[in-house]
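Let's take a look at a protein together. Have the sequence and the 3D view at hand, and we'll go from the overall picture to a few details.

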Amino acid sequence: MTAAVEFDVWGSRGSRNLIPARSAIGNRTSCYSLLAGDELLIFDAGSGLAALGHAMRTEKRFRKVRRVHLFVSHAHMDHWEGLKDVEWFWSKDVPVDVKLYGSKETVRAIEGAFRPPRYVPLERLASSAASQFQVVTRKAGDQWAAGRFHARAFHLHHYSGDSTRPRRLATLGYAVTLNGGPGVAYLSDHEPTARTAAVEARAGREANLMVLDAHFPDRRDHAFGHGSQEHAASLAAGNPKTLVLAGHLAPSLSDERLEEARRRHGGKLSNLVLAVEGRTWGWDGARGRFVAGPRPRKPAGKRPAG
Ligand SMILES: [Zn+2]
């Protein structure tokens with residue numbers, strides 16, 4: 001019997017954490033995982049990573065994980081701040097072999113942030129917790145094997161500042177395929193334009209599940225290197241067999257506003273969903289699609305409607 005393949009949302013809020021937790025949709029910065037037996041592939045290491053690390057200690061389905069492939073999208077802190085708190089670096093109860101992938105700029109930012117006197121190098125923390133930690137630099141166009149996964153990196157369009165004087169970031173999107181299993185694509189952070197359409201189209205065509213930067217409700221809001229639910233909806237409509245998760249949700253938006261935008265743009269699209277923290281999808285190989293698991297176990301606030 002093959003082990004279950006499951007996709008989980010750990011952090012879907014963009015830019016900053018909501019402390020104390022006040023949303024039933026997302027309170028933590030970016031982190032998503034794809035579990036396959038003793039291997040765990042993770043997209044981004046925002047504060048959601050700390051919640052995932054805790055689950056690796058407390059949830060049976062994660063206890064056998066020994067190899068972690070961690071794909072970090074870019075240098076912004078909200079995409080790696082969870083590294084400081086994740087259990088692997090503090091407890092011998094979660095001994096894992098971690099490989100972190102990112103662009104040169106991303107790797108430099110992370111290593112710089114943990115270099116004394118700012119903090120303790122991650123390799124040092126890992127060894128005292130019986131884990132291993134290794135960093136691998138990747139660039140757009142690279143393809144490689146990460147355990148049982150095949151991975152591809154590609155350019156995303158992300159910057160800080162306004163669009164007239166952008167500070168561009170070396171941001172990578174990732175498409176991964178599990179041998180004999182599903183394909184998953186991760187595009188965050190990313191502001192779609194006419195020039196990026198081919199990148200999104202390929203990801204949508206090849207993936208069974210894709211996570212998109214849907215920071216804003218509408219396309220007219222696109223700014224600061226971020227996309228919208230409206231754009232995510234158009235990709236969901238164009239790829240009806242692909243489950244599209246709207247992530248990197250703006251911290252200024254209430255659950256009501258997020259749900260209103262989902263209704264307005266997603267309408268009858270059953271394959272467009274908000275990336276609600278705590279939600280899980282299992283891979284159904286016979287049907288060739290991801291199937292939603294039970295609703296989140298412990299909602300932080302009130303549950304989202306519908
Ligand atoms: Zn960013």
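How many helices and strands does the secondary structure of the protein chain come to? It comes to six helices and 17 strands. Keep in mind that this is a predicted model.

**The whole chain**

The chain is as compact as a globular protein of that length, because its radius of gyration is 18 Å, close to the 19 Å that the globule rule gives for 306 residues. Here are some values for the chain as a whole.

| Property of the protein chain | Value |
|---|---|
| Radius of gyration | 18 Å |
| Span of the C-alpha trace along its principal axes | about 50 × 50 × 40 Å |
| Residues that count as buried | 51% of 306 residues |
| Contacts joining residues at least 24 apart, among those between residues at least 6 apart in sequence | 69% |

Now find the open sheet of eight strands, which runs in the order 6-5-4-3-2-1-16-17 with mixed pairing. Its edge strands are strand 6 (132–137) and strand 17 (289–292), and each of them pairs on one side only. Going from one strand to the next, the twist averages 20°.

Let's zoom in on one pair. Strand 2 and strand 3 (residues 39–43) are antiparallel partners, with five bridges between them. Look for Ser 33 here: it stands opposite Ile 42 in strand 3. Helix 1 (residues 48–58) packs on the sheet, where it touches strand 1 and strand 2. The direction of helix 1 makes about 130° with that of strand 1.

**A buried arginine**

Where does Arg 28 lie? You'll find Arg 28 in the loop between strand 1 (5–11) and strand 2 (31–36). Is Arg 28 buried or exposed? Arg 28 has 28 other C-beta atoms within 10 Å, and 20 or more make a residue buried, so Arg 28 is buried.

Leaving aside residues up to four places away in sequence, Arg 28 touches several others, including Trp 10, Asn 17, Ser 47 and Glu 277. Arg 124 is another story: Arg 28 and Arg 124 are 96 residues apart in sequence, and their C-alpha atoms are 26 Å apart in space.

**Helix 5 and its surroundings**

Finally, head to helix 5 (residues 229–238), whose buried residues are Gln 229, His 231, Ala 232, Ala 233, Leu 235 and Ala 236. What do the buried residues of helix 5 pack against? Their partners are helix 4 (197–206) and helix 6 (255–266), along with strand 13 (209–213), strand 14 (243–247) and strand 15 (272–274).

Definitions and conventions:
Residues are numbered from 1 along each chain as its sequence is written. This is a predicted model: local features need pLDDT of at least 70, side-chain atom pairs count only at pLDDT 80 or more; totals for chains, interfaces and linings use all residues. Helices (H or I, at least four residues) and strands (E, at least two) are DSSP runs, numbered from the N terminus. The radius of gyration is taken over C-alpha atoms; the globule rule is 2.2 Å times the number of residues to the power 0.38. A residue is buried if 20 or more other C-beta atoms lie within 10 Å of its own, exposed if 12 or fewer, and partly exposed in between; C-beta atoms are placed from the backbone. Two residues are in contact if their C-beta atoms, placed from the backbone, lie within 7 Å. Two strands pair if DSSP finds at least two bridges between them. Axes are lines fitted to C-alpha atoms, for helices over the stretch in contact, and angles run from 0 to 180 degrees between N-to-C directions.
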